[in-house]
Amino acid sequence: MSAVPQNPLNPPVFEIPDPPPEFGQDGGKFYRHYDALAQEIDDDMTSGLKEQLDGMLIFAGLFAGVNTAFLALTIPLLSADPADDTNALLAQNNAILMQLVAGRNDTVPTDGILPSAAFSPSHDIFTINALFSLSLAFAIISSFLAVLGRQWLVYYRKRGGGGPDRQRWEQLRRFLGAERWKLEPILDDVLPSLLQIGLIIFCASLVLYFRHLSPTISLIVGIPLYVGLAFFVGSALCTIWDKFCPFQSPLSHLLQRITHFLSWMKDSFPSAWFHLRDAFYDRPLKRVKDKVFVIIGQVRLLTAAGLHISYSGRPEESLELLQAIALQRVICISDDRVALLNAIANIFSIRSTAAIERFWNDPALQDRFEELFRNSYKDLLQLRNPGVNPRDMAESARRLYCGAVGHIALMITLDDEWSTLVALQIDMLSLHMDTRLIPNELVLDSSSDLIGATLASGFIRYARDCHDPSDPAVQTIRNHLTAYSSAIAKCSNRRFLSIFAWTIIQSPLDKDDSRSVYFEALTKAYRGLVP
């Protein structure tokens with residue numbers, strides 16, 4: 001899954017990709033960049049986790065050895081010393097012998113109860129051993145989970161059979177499963193936190209043990225331990241004030257989550273309090289009981305649904321959904337112009353509404369896409385490519401982005417998600433129509449998906465903003481229809497034929513349809529649903 005190495009002395013010619021007829025059918029360009037990016041992400045995650053788990057195993061082994069040494073000293077204190085019984089019996093024998101030597105016949109008083117029978121460990125000794133044993137248990141369970149985590153990572157990186165396509169999507173499903181089941185937070189936060197808790201318990205038991213022996217020694221040993229604990233807690237608190245603070249740890253991550261939860265509670269608590277007061281004070285008791293029964297019924301339904309899910313299993317992601325997620329990963333992470341442009345070109349091949357909504361329903365991707373759209377012309381204008389006019393290349397890239405924006409806007413169905421495209425629509429509509437439409441001399445060399453998307457995106461403004469047939473942009477679209485019609489001879493794409501036919505019928509824009517009806521007709525035509 002690694003990328004093909006390039007010769008730096010003979011770099012490839014940079015060109016703006018054309019949307020492929022189907023996803024990934026661009027000569028392997030997008031897959032080459034995606035495979036390299038996915039390999040880099042997986043290597044970065046697994047190598048970091050493996051190093052951490054290896055360090056945990058080494059430290060847990062040393063820590064368990066030290067802990068066991070102290071337990072060897074403190075566990076005998078929980079039981080009576082056999083020497084005490086021996087000393088007591090010897091003392092009684094000595095007393096009898098002394099009487100015999102002195103010639104006395106009186107009875108020697110003896111204690112029939114041996115010290116071991118009346119022995120009971122002190123509270124301090126019991127606490128010290130309990131803490132030492134608990135810290136040893138944390139060390140053992142953390143080392144066991146570290147070994148188990150290494151096995152999880154081996155399975156995650158294990159390659160299955162089949163060709164590269166099957167391996168690619170199988171690995172992406174494993175990546176989504178690792179994200180869904182929080183593999184990295186568990187190995188990165190939970191396991192180290194167990195070992196750190198065990199270490200803190202060991203330090204506490206160590207101080208108690210030395211205090212049992214000598215308070216002075218306990219104070220000398222405890223001062224550096226208290227300072228280290230204070231530094232640990234203080235470094236975790238610093239991450240709340242500065243999220244880019246390098247002192248990251250499981251404790252800092254926990255404190256950040258607690259802070260977010262408290263912030264959420266601060267905003268949500270008043271309304272929740274009013275609901276509780278409504279339910280238990282303002283309503284009759286009978287209605288409260290009915291509410292409780294309804295909640296119990298809902299819990300039963302949820303339990304039955306959970307059992308059904310556990311028996312039936314979770315369905316796998318569809319291929320189109322995996323393709324949309326692959327595009328999302330490249331756009332959000334990559335900085336390579338070629339990889340980004342190939343990803344934008346493959347957006348046109350996502351024709352499933354659910355997949356395109358999954359692709360767009362990510363705030364990070366929306367911000368990244370808007371940034372790329374606004375900088376596409378300027379970035380490529382600075383690029384020097386032998387034999388290619390930088391301005392023509394920059395305009396082609398901007399048309400590609402405009403077509404992608406139109407494709408996304410006409411494929412999603414939720415108004416909330418459409419509202420996230422407003423900023424992009426404003427930027428796109430600020431451009432002249434000639435810059436968004438394909439020049440006449442380039443139409444025959446362009447794909448039908450790009451032609452249809454640029455043509456349909458020109459009518460979005462009339463569906464959402466205005467319905468004015470006198471707009472000069474209308475004449476621009478009409479002038480391009482003749483050149484666009486030349487693509488019909490080489491295209492058998494139903495979606496392109498549908499949007500082209502609808503454009504000819506609706507191009508006068510003199511109908512009295514409302515914006516919603518007009519936009520719905522435009523959406524159906526773009527999706528190929530118009531007969």
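**Exercise 1.** Describe how helix α3 (residues 123-157) and helix α4 (residues 164-180) meet in this predicted model.

*Solution.* Step 1: take the axes. Those of α3 and α4 come within 9 Å and cross at roughly 145°. Axes are lines fitted to C-alpha atoms over the stretch in contact, with angles from 0 to 180 degrees between N-to-C directions. Helices are DSSP runs (H or I, at least four residues; strands are E, at least two), numbered from the N terminus.

Step 2: list the residues. Helix α3 brings Tyr 155, Tyr 156 and Arg 157, while α4 brings Gln 171, Arg 174, Phe 175 and Ala 178. Contact means heavy atoms within 4.5 Å.

Step 3: sort them. Four are nonpolar, one is polar and two are charged.

Residues are numbered from 1 along each chain as its sequence is written. The model is predicted, so local features need pLDDT of at least 70 and side-chain atom pairs pLDDT 80 or more, while totals for chains, interfaces and linings use all residues; side-chain values use heavy atoms, without hydrogens and water.

**Exercise 2.** Find which residues touch the most other members of the largest nonpolar core.

*Solution.* Step 1: define the core. It is a set of buried Ala, Val, Leu, Ile, Met, Phe, Trp, Tyr and Cys residues joined through side-chain atoms within 4.5 Å. Buried means under 20% relative accessible area (1.4 Å probe, protein chains only).

Step 2: name them. Among 95 residues, they are Phe 30, Leu 172, Ile 347, Phe 359, Phe 369 and Ile 408. Helix α1 (residues 29-74) gives the most to this core, 15 residues.

Step 3: follow Ile 408. Leaving out residues up to four places away in sequence, Ile 408 touches Ile 347, Ile 356, Phe 359, Trp 360, Phe 369 and Leu 421.

Key
Buried means under 20% relative accessible area, exposed over 50%, partly exposed in between (1.4 Å probe, protein chains only). Ala, Val, Leu, Ile, Met, Phe, Trp, Tyr, Cys and Pro count as nonpolar, Asp, Glu, Lys and Arg as charged, and the others, Gly among them, as polar.
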